[in-house]
Amino acid sequence: MAFQVCQVFLLIALLLPSFDGITKSQATKLSKHGEVYRAKSEIDSLIYKLTLDLKSFNEKETKATAMQKDAAKLARVAKEEIALVRPVQHLLVKLSKGNTSSGYQPCMAWSGGKIPIRIDAVSPLLENFTINVPVNHREMLDRGRLTREDGEDLQVYYHDNGRQPFQIDRVISGLGKKSATVHFRLQAPISSNTADDVSYFLVLGTSVSGSAMDDPAKVYAFFDDFSSATLKQEWVKNWGKWSVQNGRLLGSTMQSKDLTKDNIEVGLYLKSGFQWKDVMVELDFMETGKSKTASGPFLRLSDVSLSKTSGWWFQYYPGHSDSSYLRPQVNNKDGGELIKGKLPTTYKLNKWFHFKYRVLGDRFSQWANGKIVHDNIKVSSKWMIPAGTFGLGCHHSPYNCKTFYDNIKVTLVVSTPPNITLGSFQSFVPEKSALLGEKKLPADSCKQIHDASLASNKPRAKNGVYWIKTDLQGSSSVQTYCDMQNGGWTLVGKISGHVGNIYDKWLVSKHNTASLKSPKITGQKQFACFDARSLAVDESSTVLLSSGERMDGLGSKWVMWRLPGGREKDSFWRNSVGPSTVKAAVQTPVMVYAWNGNKKICYHNKFGIMPLAGHGGSYPYASYNTAGNTATNDYCMSVGVMTKGSTAHGWSQNANGYDSPSSDSDWPNRSYNHQSPHLTVWLK
């Protein structure tokens, strides 16, 4: 084929909708916990499933070949299945390696992807309307989705029906911050009460192509920072001398020869904005002329003729150093200093000010250096001008206006701004060519591997050791035991005997992880675990405590319960939040199920920590009452993490927080103050 396969795959990836496996409720949950990057796991699962399918079909072919005439048909069917699956599997593997054929140039190994942008418009949006997308740029960098602080690996693509997606210009404000914003301009209008979630995407990470396009003039309705030595063609000189001086616009005006009885004249204006109705304008401004000079910008400038000037002029005059005025002009009729506003700082010559203006319908607002000057003031019908461009002007007095301007930006606005939201992250192709659960491609959980291996509702993945992520993007992972035959349980911790104070280690850090390769408890006075909070919050719904006598999966005795709602990684199983915070949380009932068919209603909270201060903040836990008390042989259990007599973070331990078995034969438990828990902890 004459085209590059990698280019086709990029196009397909951009056109693909969000994966069906990510529901709206899941997306809400992910957004709440800052975990929006799921799509890669779907493709990892697909490769794993295809590989297992291929292995299964090969086995069918081998068996069929060994059979006689009655097996001929089965062999043909198996070969057809292989023919269908093998090209897909090969393509995915080659793409993940970065090439599609030995005869073609290799593609890069994509590790980035795209995030669809949804625009819900209430008011109609014009083609040049600027969209502002809130993003957590700091988190994207910290989580490895982006690597460049300058934002070069965060781009915006537009997909017009029937055309290949292409990059458009964007500007990022707040680089490196949690509250960053990506700004870009609509490429086509959007009607009122319409949603568009298929036209615009953030493309990020190694999926970006070339340098980011970031021309502000193609992001806003108008922008000029006067970086060019000459004026842009959009500007039209009307009166006075206008030039670019050292990266700033300088307007030098004197009294015009064509003046009649008017007071204000337009010196410079934009020829392309006469249709503008509602806009936001920002600029930097400094007057260097005489103390009797009055200067300022025009908005809604509908007539620029020196004898028919019509527009809303904002006047700044050193003689009224604490004030700014809206001074409208209609067909050369001067409205005078009609609407006064108090400036936050004294207006002086040779001092830079940053002004912002918004005109919306018959109302206007003004800010000076970030402080409000005019707040949504209504202009009377006598001075109403429905639309017009932007210009710069001066009072016609014989005193020369010598005004500097810089960073002029015009943005279209609407009465009801659109609601902008981000969809789920969609990876283009797997980052590495490896089977799910191997070191090069750790799984989100054992259940992910289990579900990907299902055939006829039975897992093809075997019980054993797999690589599991301890954070979502896989920058950290650990080998641990997976019980596939019981649904994909992940072993996250083992403990046996008196192990001392572990309230800042247990299930929140890596400790003796080599021991997690087997679920059997073989030693005493030791524990093993990894940081399982991400797994517990983002990938699991149930926790299970089990006996530790088996080498090949869950123990013969166990209790399990649903994990609490509202849990968050920053606070779940975090002993340091303290007893007052945990006690104040809502204690909700939860059904605990046991290996012997029994069940009991217990209580837990969103922190997953026993609330009774004297029990040392035991976790995981489910207690028989809301206070966090303990009892024997009741299936409500907890793992003690603090030795008797110790204190930390407001907790103390009276030894009664060890509501768990002390051996494989002590189930449920004959005591709650033994200080020697003996069990394994699993998540699914």
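**Cysteines in a predicted model**

Modeller: In this predicted model, Cys529 is buried, with a relative accessible area of 0%.

Biologist: Why is Cys529 called buried?

Modeller: Buried means under 20% relative accessible area. Cys529 has 0%, so Cys529 counts as buried.

Biologist: How many disulfides does the structure hold?

Modeller: The structure holds three.

Biologist: What makes Cys394 and Cys401 a disulfide?

Modeller: The cut-off is sulfur atoms within 2.5 Å. The sulfur atoms of Cys394 and Cys401 are 1.8 Å apart, so the pair qualifies.

Biologist: Why is the disulfide of Cys394 and Cys401 called right-handed?

Modeller: The torsion about its S-S bond is about 80 degrees, so the disulfide of Cys394 and Cys401 is right-handed.

Biologist: Are Cys394 and Cys401 buried or exposed?

Modeller: Cys394 has a relative accessible area of 2%. Cys401 has 1%. The cut-off is under 20%, so Cys394 and Cys401 are buried.

Biologist: How do you know that Cys446 and Cys482 form a disulfide?

Modeller: Their S to S distance is 1.9 Å, within 2.5 Å, so Cys446 and Cys482 are a disulfide. The link is left-handed, with -65 degrees about the S-S bond.

Biologist: Which parts does the pair of Cys446 and Cys482 tie together?

Modeller: Cys446 lies in helix H6 and Cys482 in strand S29, so the pair ties together parts 36 residues apart in sequence.

Biologist: What makes Cys602 and Cys636 a disulfide?

Modeller: S to S is 1.9 Å, within 2.5 Å, so Cys602 and Cys636 meet the cut-off. Their link is left-handed, with -80 degrees about the S-S bond.

Key
Residues numbered from 1 in each chain as written. Predicted model: local features only at pLDDT ≥ 70, side-chain atom pairs only at ≥ 80, totals over all residues. Heavy atoms only, no water. Buried < 20%, exposed > 50% of the residue type's maximum accessible area, 1.4 Å probe, protein only. Helix = DSSP H or I, 4+ residues; strand = E, 2+ residues; numbered from the N terminus.
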